[in-house]
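This briefing covers the surroundings of a ligand and the pairing of aromatic rings.

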Amino acid sequence: MDAGGQVVVLGAGIAGVSAALHLQQRGVSVLLLDRAKPGSGTSHGNAGLIEMSTALPHPCPQDLGTLVRYALNRAPDLRWQPGGLLGMAGGLYGYWRNSRPGRIGPIGASFRALMGKALDEHRALAVPAGAAGLLRDCGWLELVRDPRLLEVDRQAEVAPHGIRVSRLDSAALERAEPHLRQPFAGAFHWQATVSITDPGAYVARLAAAFVARGGEVMAAKVQGVTRQGAGWRIATTGGAVHAARVVVALGPWSPDVLRPLGLRVPMLFKRGYHRHFAAAEGTVLNHPVHVPGSGHLVVPMDMGIRVLTGVELAPRDAPPDLRQIRSAEAAARTYLALAEALDPPWLGTRPCMPDMLPVIGEATAHPGLWLLFGHGHHGLTQGPASGRLLAELMTGEAPFIDPAPFSAHRL
Ligand SMILES: Cc1cc2nc3c(=O)[nH]c(=O)nc-3n(C[C@H](O)[C@H](O)[C@H](O)COP(=O)(O)OP(=O)(O)OC[C@H]3O[C@@H](n4cnc5c(N)ncnc54)[C@H](O)[C@@H]3O)c2cc1C
């Protein structure tokens, strides 16, 4: 296929679909290419949170106690396989260094510049696409067992970042979540976060809007990207595609197509699992809930109650190790009446860069090769804002936020 002056976007997750919509809005002809249905990769399997209540991009803890717990491989929030540690040693060291006090400050500021726009950018795409019905303005609840922890002034901690949190005592928590089985001292309600009740369907609806406006989606696996004259040749299982410019938005698979071009991406693969359960008769969960330190999250979704794990550091394609999702399920069952599992466990990978910021920009020394990946723990949140920034840079428009921290020169 000759896509001529077209832009070909590789990957129809939240990042690629958002970029395709933004390029289309600016009059660019776009072909969106994915081996699977739009929104069926990492962008389907996450916790569905447009996370407007976080000031930092998940830095590595620095205190010795936590690091020792991690080293012993018994922490519920992070487990590792030896192959994962060895294969990502350089990236992990970078991640740890960038988490240190002197460095995390500026990284956090760049992170918030993108995150602060995230919800507005979601609505700007979701409303015209008919996807806004999948957004629930419910925030999430941090469940607290120890009454002393409830006394901490969390609002004062996060106020400098414009984040709102309210404290629920046990009676208020019972009104908010009448079916929690265990007594909790209360909860913190992180109100600004929005929950997407079916993240895969949400991305699919955005992609459908792209098609309805004349965009083209091609189902084929990318086998390689090579320079051809002033443009690019993309070898796929559906034949070769030629294009003037390419956007690599393949999430955790992005490094695979870039390696043969001499671009080595130091991506960290932070794997995570989910599984859906039916609620036991009469049980309702109104908010996503998390017990700090438990290493799991429970989210009410359209397809059931989604129980998710923390991080597993393992080679991206290593076989699943179901211990984490089993213990997440067991922990959730202690406070919520779950009935049968509705599907087998799902395994996905958070694509993280060592400086915890996504890569958004043109590859150094490869004109016409644009990069859009590395969104880590917050890619669902950031996708629409990242897609806008990329489209602005590609079309020479003034960028709505400073693109420098996200530049591909970091690679
Ligand atoms: C357990 C878990 C929980 C999470 N929770 C949240 C959350 O609550 N909030 C949040 O903001 N983020 C969350 N995230 C992170 C978020 O899901 C990701 O950062 C985000 O989905 C990445 O989007 P993407 O478009 O870059 O990648 P993807 O959604 O993975 O899209 C990449 C696409 O590339 C396609 N592809 C790959 N290889 C090829 C090939 N060779 N040829 C053709 N197509 C190919 C795939 O099929 C896929 O559709 C979570 C992640 C995990 C794993």
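Helices (H or I, at least four residues) and strands (E, at least two) are DSSP runs, numbered from the N terminus. This is a predicted model: local features need pLDDT of at least 70, side-chain atom pairs count only at pLDDT 80 or more, and totals for chains, interfaces and linings use all residues. Residues are numbered from 1 along each chain as its sequence is written, and side-chain values use heavy atoms, with hydrogens and water left out.

**Ligand shell**

**Backbone atoms at the ligand**
- A ligand nitrogen is 2.8 Å from a polar backbone atom of L49.
- Ligand oxygen atoms are 3.1 Å from a polar backbone atom of A15 and 2.8 Å from one of G376.

**Aromatic pairs**
- There are three aromatic pairs (ring centres within 6.5 Å, using the six-membered ring of Trp).
- Y93 and W96 are stacked (planes under 30 degrees apart), with centres 6.2 Å apart and 25° between the planes.
- Y93 and W96 lie about one helical turn apart, because they are three residues apart in helix α5 (residues 89-98).
- W140 and W190 are also stacked, with centres 6.2 Å apart and planes at 20°.
- W140 in strand β6 and W190 in strand β8 are 50 residues apart.

Key
A polar contact is a pair of N or O atoms within 3.5 Å; within protein, one must be able to donate a hydrogen and the other to accept it, and residues adjacent in sequence count only if both atoms are side-chain atoms. Rings of Phe, Tyr and Trp (its six-membered ring) pair if their centres lie within 6.5 Å; planes under 30 degrees apart count as stacked, over 60 as edge-to-face and the rest as tilted.
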